[in-house]
Amino acid sequence: MSAAQEQEPQLLKTPLHALHLELGARMVPFAGYSMPVQYPAGLMAEHHHTRNSAGLFDVSHMGQLRLVGPDAAAAFESLMPVDVIGLAPGKQRYGLLLTDEGTIIDDLMFVNRGDDLFVIVNGACKVGDLAHIQARIGQRCEVIPLPDRALLALQGPKAVDALARLVPGVQQLVFMTGGAFRWDSTELFVTRSGYTGEDGFEISLPGDRAEAFARALLAQPEVKPIGLGARNSLRLEAGLCLYGNDIDTTTTPVEAALTWAIQKVRRTGGARAGGFPGAERVLGQLDGTVPVERKRVGLVALERVPVREHTGLRDAAGQRIGEVTSGLLGPSVDQPVAMAYVAPAFAAAGTRIDAIVRGKPVPMEVRAMPFVPNRYHRG
């Protein structure tokens, strides 16, 4: 073994690692794991298959945990600007862990399961998130990591047909709800949600049963395996942030255009206003008393030139006004799309700006997101 190999950290493997190799996946390092970036069909085919039928994603690198105890909801609410206490049993919500400066440590999903809060955090952030949650609220509730569970996402308009054949009853769920189900004596926790803008489900199950369940799903005529490449293009077209690209500890929820995630009860004048880390800054930005230096926007290139992350943006006078955080040729929209942070004066839809690609200006226009209409099943 070479010195370089010895210094490389050993990549972790999900419970589906052998199946990915069997299916011919090209594996890449991601969030400390060996993950499939694409299968032999390729990114474009996988992207379109998910939009038109049903795609199966291995998202077992994500972190899963339970918060247990009578004070769990109030404790968790003290870490985020979202309404946790008011979330009804069986309902799921999007949340944001914040630093004391009001910037984003991670974005996450949580479900009130009645006897606990079930939380899913990003793979690259899970060790830090767990330590943060434990340090801040570990004395108020039990914080129980679930490292032995796998997580699969089945996304696309035909996901419900494929999953309901194996797990009758899942078709009763609507967007952002969850419930306990069984498959072949295996207990599953299923939510109707995902990261593609399509209808679909996320399924938490014991890691030692993940491969058998994945094979059962792949045996359904609608389902094909999908890698990280198409996951990225799908979520960008859907206007969904990727932690580490579009949001991080330099961005606030207001700058990131995630104010929809801050319920009225937690805002100025609300019954439980503030009381979360960085509340003064975040609520000040919401109320207009604290300046917002930049805003996340959607961009569409007016020439057929893909504009990648870290590309600089300039105004008509050649002044730098921002930077692209995610960008690619959108397979469904068939044009280059991007997310970026720009100075507030350039954030209005219809604004023209230039991306500087290999020294040349590429004209872009600010557009509303999502770039592809969401098709969540709201019942």
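Is aspartate 100 buried, partly exposed or exposed? I looked it up: aspartate 100 is partly exposed, with a relative accessible area of 48%. (Buried means under 20% relative accessible area, exposed over 50%, and partly exposed in between, with a 1.4 Å probe and protein chains only.)

A note on what I am reading: this is a predicted model, where local features need pLDDT of at least 70, side-chain atom pairs count only at pLDDT 80 or more, and totals for chains, interfaces and linings use all residues. Residues are numbered from 1 along each chain as its sequence is written, and side-chain values use heavy atoms, leaving out hydrogens and water.

Next I looked for salt bridges (a side-chain nitrogen of Lys or Arg within 4 Å of a carboxyl oxygen of Asp or Glu). I found 24 salt bridges by this rule.

In one of them, aspartate 100 pairs with arginine 136 at 3.2 Å, N to O. Aspartate 100 sits in the loop between strand 6 (92-98) and strand 7 (104-112) and arginine 136 in helix 5 (residues 126-137), so the pair ties together parts 36 residues apart in sequence. (Helices, H or I of at least four residues, and strands, E of at least two, are DSSP runs numbered from the N terminus.)

Then I checked glutamate 255 and arginine 281, whose side chains form a salt bridge at 3.9 Å, N to O. This pair links distant parts of the chain, 26 residues apart, with arginine 281 in helix 9. Glutamate 255 counts as buried at 3% relative accessibility, while arginine 281 is partly exposed at 31%.
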